[in-house]
Amino acid sequence: MSLLDTLSGKGLRREPPTRDEALAVLATSDDDLLDVVAAAGRVRRHWFGRRVKLNYLVNLKSGLCPEDCSYCSQRLGSKAGILTYTWLKPDQAADAAAAGMAAGAKRVCLVASGRGPTDRDVERVADTIAAIKARDEDVEICACLGLLRDGQGERLREAGAHAYNHNLNTSEAQYADICTTHGFGDREDTVRKAHDAGLSACSGLIAGMGETDEDLVDVAFALRSLDVDSVPVNFLIPFEGTPLAERWTLTPQRCLRILAMVRFVCPDVEVRLAGGREIHLRSLQPLALHIVNSIFLGDYLTSEGQAGRADLDMIADAGFEVEGADVPSLPAHRRPGAPQEAPLADAPPAQAPAGDAAPAREPAARTGLVTLRRRGAGTELPPNA
Ligand code: SF4
């Protein structure tokens, strides 16, 4: 049996690939690319059909963070020229969220820069959740406020939050290269706290920061072992004014291989195409919909995405459909109250790679594709949705 048949079969059974199999996906050649997408697509369709869940970001507090995450335009010392503002009032945030909800977003992600929230910040977010739910009580709210302290996840859950996002971003081995003010273990701890508080854990990664294939596979398996429900896969947006400004290392083909590897490692979770898709996948974005089952609609925290209308057209043109509010996002066994199942069997030994290693290719820097956000939350201009 070929590697790709093995991987799609395992994905249908929720069995993990071996580490070597995951690495082999990243090493496939451009000749094999459509076969890789098709194999990951079988797994995606088995668990999620042709549905695409839309998520909408609202940046509650922008910039001036004391942490030094090197990929982040909001970091300490960033010269990226982004919008900077302190906490939006609940009604301002609800107005911004409403634009995304009107365009079909099922989840609103409330994000604030900073190391982590104070208890007062958590209460502000609780008020914001109430303001959003007053307009649509069914909308899913995900909070993303940094490192959690004891009890904060429980308070957010009580206030109506459905999920909590805190990305691992990269492997434990690479973490100190991208951030010195907190560690990989701090991030794992917050994901566990969210889980323990009864929130749906959302945690993902950023590709394109100088990591090796081993780092990507390590972070994917770390996310699997944390049993997260959703995995946003970001591709580095190399903001001018940050340490990674010159880092253009991704090709559209590499992005698709990374998404496929994550789908094989985390077959039955929401894999979300996140920041950087427009500038790195470019015209291959629709192919990614065969692998992921979720995207962000419209703009990101500090940069602009493609027009929300273009996102909806892309989904329809590629033959997918926006997931409705009445359809559960996750497979039955991952929903709250589902019985715990016995651990999955160990994976069998690795198979041979599907093809020759991908030839090295120098991606062109596309600096002009990064546009700082100047509309929506924190401005007088309407949001992009
Ligand atoms: S903690 Fe969050 S907002 Fe602050 S620099 Fe890191 S990623 Fe950016």
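P383 is located in the segment after β10. Helices and strands here are DSSP runs, numbered from the N terminus; a helix is a run of H or I of at least four residues, and a strand is a run of E of at least two. The model is predicted: local features require pLDDT of at least 70, side-chain atom pairs count only at pLDDT 80 or more, and totals for chains, interfaces and linings use all residues. Residue numbers start from 1 along each chain as its sequence is written.

P383 counts as buried, with 23 C-beta neighbours inside 10 Å. The term covers residues with 20 or more other C-beta atoms within 10 Å of their own; exposed residues have 12 or fewer, partly exposed ones fall in between, and C-beta atoms are placed from the backbone. Neighbours within four places in sequence aside, P383 contacts A96, A99, G298, R375, G376 and A377. A contact requires the C-beta atoms of two residues, placed from the backbone, to lie within 7 Å. R373 is ten residues from P383 along the chain, and the C-alpha atoms of the two are 9.9 Å apart.

The protein as a whole contains 13 helices and ten strands. Its radius of gyration is 19 Å, close to the 21 Å given by the globule rule for 385 residues, so the protein is as compact as a globular protein of that length. The radius is taken over C-alpha atoms, and the rule is 2.2 Å times the number of residues to the power 0.38. The C-alpha trace spans about 55 × 50 × 40 Å along the principal axes. Of the 385 residues, 51% count as buried. Among contacts between residues at least 6 apart in sequence, 80% join residues at least 24 apart.

An unreviewed UniProt entry lists residues 47–277 as "domain: Radical SAM core". UniProt positions follow the numbering used here, feature names are shortened, and annotations may be inferred rather than shown by experiment. Over residues 47–277, the chain is 37% helix and 18% strand. The end C-alpha atoms of this stretch are 23 Å apart.

The unreviewed entry also lists C65, C69 and C72 under "binding site". In the model, C69 lies in the loop between β1 (51–61) and α4 (90–102). C72 is placed in the loop between β1 and α4 as well. C69 is buried, with 22 other C-beta atoms within 10 Å. C72 is buried too, with 26 such atoms within 10 Å. Residues up to four places away in sequence aside, C69 touches R75, I178 and C179.

The ligand is surrounded by C65, E67, C69, C72, Q74, R75, S113, R115 and G146. The shell divides into three nonpolar, three polar and three charged residues. Nonpolar here means Ala, Val, Leu, Ile, Met, Phe, Trp, Tyr, Cys and Pro; charged means Asp, Glu, Lys and Arg; the others, Gly among them, are polar.

Ten of the eleven residues of β1 are buried. Strands are taken to pair if DSSP finds at least two bridges between them. β1 runs parallel to β2 (residues 107–112), with six bridges joining them. In this pairing, Y56 has V108 as its bridge partner. Three bridges join β1 to β9 (residues 294–296), also in parallel. There, N55 stands opposite F296. Two bridges link β1 and β10 (residues 321–322), again in the parallel sense. V52 is partnered by V322 in β10.

A further parallel pairing joins β7 (residues 230–235) to β8 (residues 270–273) through four bridges. V231 stands opposite V271 in β8. In a regular strand, side chains alternate between the two faces of the sheet. In β8, E270 and R272 point one way, V271 and L273 point the other way, and all are buried.

N169 lies in the loop between β4 (163–165) and α7 (172–178). N169 is buried, with 23 other C-beta atoms within 10 Å. D227 lies in the loop between α9 (213–225) and β7. With 13 C-beta neighbours inside 10 Å, D227 counts as partly exposed.

Note on methods:
A residue is near a molecule or strand if its C-beta atom, placed from the backbone, lies within 6 Å of it.
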